[in-house]
Amino acid sequence: MGLAMLGAVSQGILWGIMVLGVFITYKLLDIADLTVDGSFALGGCVCAVLVVGGVNPIVAILAAMLAGMVAGAVTGFLHTVFEIPAILAGILTQIGLWSVNLRIMGKSNTPLLNFDTIFSQMTDLTGLPSNVAAIIVGIVVAVIIIVGLYWFFGTEIGSACRATGNNEAMVRALGVNTKVTKMIALMLSNGLVGLSGGLICESQKYADIGMGTGAIVIGLAAIVIGEVLGRLTPGKLRAFGSRLTAAVVGSVVYFLIRAIVLQMGMDANDMKLLSAIIVALALCIPVVWEKFQLKRSYARSLKSASPEGTTAEGGR
Amino acid sequence: MLTLSHVSKTFNAGTINEKRALVDCNLHLAPGDFVTVIGGNGAGKSTLMNMVAGVYPIDAGTITLDGINISQLSEPARAKYLGRVFQDPMMGTAADMQIIENLAMAKRRGRTRTLAWGVTRSEKEEYAERLHELGLGLEKRLTTKVGLLSGGQRQALTLLMATLTKPKLLLLDEHTAALDPKTAAKVLDLTEKIVAEHQLTTLMVTHNMNDAIRLGNRLIMMHEGRVIYDIAGDEKRSLTVKDLLQKFEEVSGGELANDRMLLS
């Protein structure tokens, strides 16, 4: 049980890098970018093929990130230049990537059994158990990326990207080409997703054509969980840095929940349904709650108005 | 400063919804002109603003600004020269960002964005000072998210943002129409003050005929995509709402005013 939990934590952190990517498009740009499923697998495939080809595992992961950025650029190109709606542009790229990924690997599955990965190097170097090594590598990468994103979104270009998701008309009126900012955000986002795919591939020691399926839902679920946790914590977790951290923590919690329900005997194949339900509920609850509040306040106003109403009636 | 010559724009050309929004429109603004624009619904006032700002491409004609032909420039490219305030108070600011972040983005209008910090420490004082001039107490709330401000406060902030880097031309598209009368008056006072202080060439669309007469040194009236009446100087100062209504009937053969214009 403990070992499974440790595994879940390490998986959660490594997938958390992908969640940061989804955070950029979903939360900052206000786009649900479905490229993610494809670019995650792309990162994994590129990384696996390179590692098998004898490339340094760190270089392979960087290449996975670059590949993800290219995938993001394709979606960005379709969306900004040809004005295809973002969701559809993402789906097109995702579908196309499935074939691309198969071409890259030449088969549907590439094992890395006897090859060095950054995780095996870390275990060899420190003598730590592999799960702990994975957690350490994951935390280091996550911290670097969170700091990097915090810096980037504080710069002039980064501010313009954030504002693009907020109010496109205003950003254009202030002289920023929103096509460029969207492109930057999509490339950055999918770059992180590809990076995460590469890390997962090296940690699980294989890449699989289906490894990205449902990644977007995992990303959204993790963001939602992170937000709820952020709201439950006292103090100001609205600051940008803590929102990013919350997204990674949300990912860890997601994988812990997953490990627990699997331990309790749930079929692994049902996990996608559970994820979808979590996200759907998280999106439904605020809407339902608001409607309920409106109805309640109307009912209250009726109640407070009715005694006067009856006297007026009676007086007549 | 601004010259439109033979500018035309038709929306949905060739369909049942065809709308000739600007028809061979000519207009010249001298430097320092403060021109108010009035006209009925669909007269082409907003289209005029959008064409100058580059929101949509024009079909024909040329637009020059301070000797630069901007007819084919994209909206962000033109932004370098233009300050804009919109009718909708939500449109001019980014709600999820702080007041200071909004101002810093406006300060960088027309400059190439780099990887330098989006807001530098030295800017803070300048913004606090400029916000103080608005007299709304916003200088104490620099890190407040703009979404928490009222419509009037947001519109005043947008006005400040539009003029933070001096624009060659200030475009005000019914920027007080969505505000309550008291707030609208306040924002208009600020407009007058800022325009006078920085001697801005200004084009202001309004539905309010009294405002159109009271503000600025020149007034134009639009009808069916053309400028049908153009009056400036002493003649404009002695103008009354009644004159305007009469003038409109004369030129167009119809009624100018709708209820909204008469009541405001």
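How far apart do the axes of helix H2 (residues 35-52) of chain A and helix H3 (residues 57-81) of chain A come, and at what angle do they cross? Keep that question in mind for the first stop.

**Before you start**

This is a predicted model: local features need pLDDT of at least 70, side-chain atom pairs count only at pLDDT 80 or more, and totals for chains, interfaces and linings use all residues. Residues are numbered from 1 along each chain as its sequence is written, while chains are lettered from A and ligands numbered from 1 in the order in which they are written.

**Stop 1: two helices in chain A**

Select residues 35-52 and 57-81 of chain A. The axes of H2(A) and H3(A) come within 8 Å and cross at roughly 150 degrees. That makes H2(A) roughly antiparallel to H3(A). (Angles under 35 degrees count as roughly parallel, over 145 as roughly antiparallel, 65 to 115 as roughly perpendicular and the rest as oblique.) Axes are lines fitted to C-alpha atoms, for helices over the stretch in contact, and angles run from 0 to 180 degrees between N-to-C directions.

The crossing is right-handed. (A crossing is left-handed if the near helix is turned anticlockwise from the far one by less than a right angle, and right-handed if clockwise.)

Now show side chains. Among the H2(A) residues that meet H3(A) are A:Gly38, A:Leu42 and A:Val46. On the H3(A) side, look for A:Ala60, A:Ala64 and A:Gly68, among others. Two residues are in contact if their C-beta atoms, placed from the backbone, lie within 7 Å. This contact divides into 13 nonpolar, 7 polar and no charged residues. (Ala, Val, Leu, Ile, Met, Phe, Trp, Tyr, Cys and Pro count as nonpolar, Asp, Glu, Lys and Arg as charged, and the others, Gly among them, as polar.)

**Stop 2: all of chain A**

Zoom out. Chain A has 12 helices and 2 strands. (Helices, H or I with at least four residues, and strands, E with at least two, are DSSP runs, numbered from the N terminus.) The C-alpha atoms of chain A fill a box of roughly 95 × 55 × 35 Å, taken along the principal axes.

Colour residues 2-266 as domain 1 of chain A and 271-306 as domain 2. These bounds come from an automatic or database domain assignment. Their centres, taken over C-alpha atoms, are separated by 31 Å. The contact takes 8 residues from domain 1 of chain A and 8 residues from domain 2 of chain A. On the domain 1 side, helix H10 (215-232) and helix H11 (240-263) of chain A each give two or more residues. H10(A) gives the most, with 5 residues.

**Stop 3: where the chains touch**

Show both chains. 19 residues of chain A are in contact with 24 residues of chain B. Select helix H7 (156-166) and helix H8 (168-173) of chain A: each supplies at least two residues of the side that touches chain B. The largest share, 8 residues, comes from H7(A). By class, this side of chain A has 8 nonpolar, 8 polar and 3 charged residues.

**Stop 4: the sheet in chain B**

Find the open sheet of 4 strands in chain B, with the order E2-E1-E4-E5 and antiparallel pairing. Strand E2 (19-29) and strand E5 (68-69) of chain B stand at the edges, each with a single partner strand, so one side of each is left without a neighbour in the sheet. Strand E4 (residues 60-65) of chain B is joined to E5(B) by 2 bridges. (Two strands pair if DSSP finds at least two bridges between them.) B:Leu65 stands opposite B:Ile68 in E5(B). Helix H1 (residues 45-53) of chain B packs on the sheet, touching strand E1 (2-11), E2 and E4 of chain B.

**Stop 5: a hairpin**

Which residue stands opposite B:Ile220 in E10(B)? B:Asp230 does. Strand E9 (residues 218-223) and strand E10 (residues 226-232) of chain B pair in the antiparallel sense over 6 bridges. E9(B) and E10(B) form a hairpin with 2 residues between them. In the turn, B:Glu224 has a positive phi of about 50 degrees.

**Stop 6: another helix pair**

Finish with helix H4 (residues 121-134) and helix H5 (residues 151-164) of chain B, which pack at an angle of about 130 degrees with their axes 11 Å apart. That makes H4(B) oblique to H5(B). H4(B) passes H5(B) in a right-handed crossing. B:Arg130, B:Leu131 and B:Leu134 in H4(B) meet B:Ala156, B:Leu160 and B:Leu164 in H5(B).
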